[in-house]
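Here's a quick briefing on a two-chain model. Have a look at the coordinates first, then we'll go through them topic by topic.

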Amino acid sequence: MKWVTWENIGVDRMASAWLIRRWIDSDAEFVFIPVGEKPKPKTGEPFDIPGERYSHHGGHCTFYALLKENNIKDPTLSRIAQILDEADEIQEVTIEPAALGLDLICRGLRRISKDDFEAIERGNLIYDALYAQLKSDSNLSGADGD
Amino acid sequence: MTNWLLLHYKLPSKPSALRVYIWRKLKRLGAILLHEAVWVLPDQPRTAEQVQWLTAEIQEMGGEAYFWRANIILGEDNESISQRFNEQVDEVYSDLLKKLEKPRVDLQEISKQYQQATAQDFFHSKLGLRVREKLTSKRGGKS
């Protein structure tokens, strides 16, 4: 299936593309349209575009909406959602110091990639790594209880 | 030429908690309210992204919001608007410098306030660098 978002991706869209590919739709194809353009329904499923279902709602990021709408319950993914909420939304409570670093790395990754397709491919490595490490840390501490 | 982001919005009068919520988010972002009418921020990738989501959130709450990208034709010049943003963070930085002079300081708390201020330091105030130097020189251990 095709997934549509605005071009020049950042931290939340890079993570969302990773989540879609790894957890929701392994055959996902991504389409980038100019910033501000309203997506046409025929093009595909929009994400991280204001006003759409898979977007920011109630102070939460798009990654969070993707988890919620697809009923994905995985403690490590919820933790990543919390990090992204802090990286990509204005928050009064900040409890994830990794948020700012992740935002910085993803912005830089887009900057050194030739286009959004390359940025998504490279972003997959970052999020695979983040997922693996968070999962391993939580197993050691037993915090997630699963 | 410096571009500015402008936001003005109208929210339903009730519940008032929503108005406070949005107002606090704008303050947290470091936006300046001009003439009690229009919120202003410098046009930078991060601020543009944040204001975009804030606009969507206001609309979702049943409010009306306009988010503009603008440059000034008459009124204050770009430098004096930038100066307003600097004054805003310099106030925090001066306060932190004063605190750092005291014999017993909570370095963790000051570091946190410093980090929050740098997120609003859009034009790289020189005072911020001084706080940074003071903070790093105060940490323990040998240099």
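## Strands in chain B

In chain B, strand 1 (residues 4-10) and strand 3 (residues 38-42) run antiparallel and are joined by four bridges. Before going on, a word on provenance: this is a predicted model, where local features need pLDDT of at least 70, side-chain atom pairs count only at pLDDT 80 or more, and totals for chains, interfaces and linings use all residues. Residues are numbered from 1 along each chain as its sequence is written, while chains are lettered from A and ligands numbered from 1 in the order in which they are written.

- Strands count as paired here if DSSP finds at least two bridges between them.
- Helices (H or I, at least four residues) and strands (E, at least two) are DSSP runs, numbered from the N terminus.

**Chain B overall**

- Chain B has five helices and four strands, and along the sequence they read β-α-β-β-α-β-α-α-α.
- Along its principal axes, the C-alpha trace of chain B spans about 55 × 35 × 25 Å.
- Of the 143 residues of chain B, 17% count as buried. The cut-offs: a residue is buried if 20 or more other C-beta atoms lie within 10 Å of its own, exposed if 12 or fewer, and partly exposed in between, with C-beta atoms placed from the backbone.
- Take the contacts in chain B between residues at least 6 apart in sequence: 72% of them join residues at least 24 apart. A contact means that two C-beta atoms, placed from the backbone, lie within 7 Å.

**Where the chains meet**

- The contact takes eleven residues from chain B and nine residues from chain A.
- On the side of chain B that touches chain A, the elements giving two or more residues are helix 1 (16-29) and helix 2 (45-60) of chain B.
- Helix 2 of chain B provides the largest share of that side, seven residues.
- By class, the side of chain B that touches chain A has three nonpolar, two polar and six charged residues. For the classes, Ala, Val, Leu, Ile, Met, Phe, Trp, Tyr, Cys and Pro count as nonpolar, Asp, Glu, Lys and Arg as charged, and the others, Gly among them, as polar.

**Chain A overall**

- Chain A contains five helices and three strands, in the order β-α-β-β-α-α-α-α.
- The radius of gyration of chain A is 15 Å, close to the 15 Å that the globule rule gives for 146 residues, so chain A is as compact as a globular protein of that length. That radius is taken over C-alpha atoms, and the rule is 2.2 Å times the number of residues to the power 0.38.
- Of the 146 residues of chain A, 37% count as buried.
- Four of the five residues of strand 1 (residues 2-6) of chain A are buried, so this strand is largely enclosed by the rest of the structure.
- Strand 1 of chain A runs parallel to strand 2 (residues 29-33) of chain A, with five bridges joining them; Thr5(A) stands opposite Phe32(A) in strand 2 of chain A.

**Helix packing in chain A**

- The axes of helix 2 (residues 62-69) and helix 3 (residues 75-88) of chain A come within 8 Å and cross at roughly 150 degrees. That makes helix 2 of chain A roughly antiparallel to helix 3 of chain A.
- Axes are lines fitted to C-alpha atoms, for helices over the stretch in contact, and angles run from 0 to 180 degrees between N-to-C directions. Angles under 35 degrees count as roughly parallel, over 145 as roughly antiparallel, 65 to 115 as roughly perpendicular and the rest as oblique.
- Helix 3 of chain A and helix 4 (residues 98-112) of chain A pack at about 70 degrees, with their axes 8 Å apart. That makes helix 3 of chain A roughly perpendicular to helix 4 of chain A.
- The contact of helix 3 with helix 4 of chain A has six nonpolar, no polar and two charged residues.

**The loop residue Thr94(A)**

- Thr94(A) is in the loop between helix 3 and helix 4 of chain A, and is partly exposed, with 14 other C-beta atoms within 10 Å.
- Leaving aside residues up to four places away in sequence, Thr94(A) touches Glu86(A) and Ala99(A).
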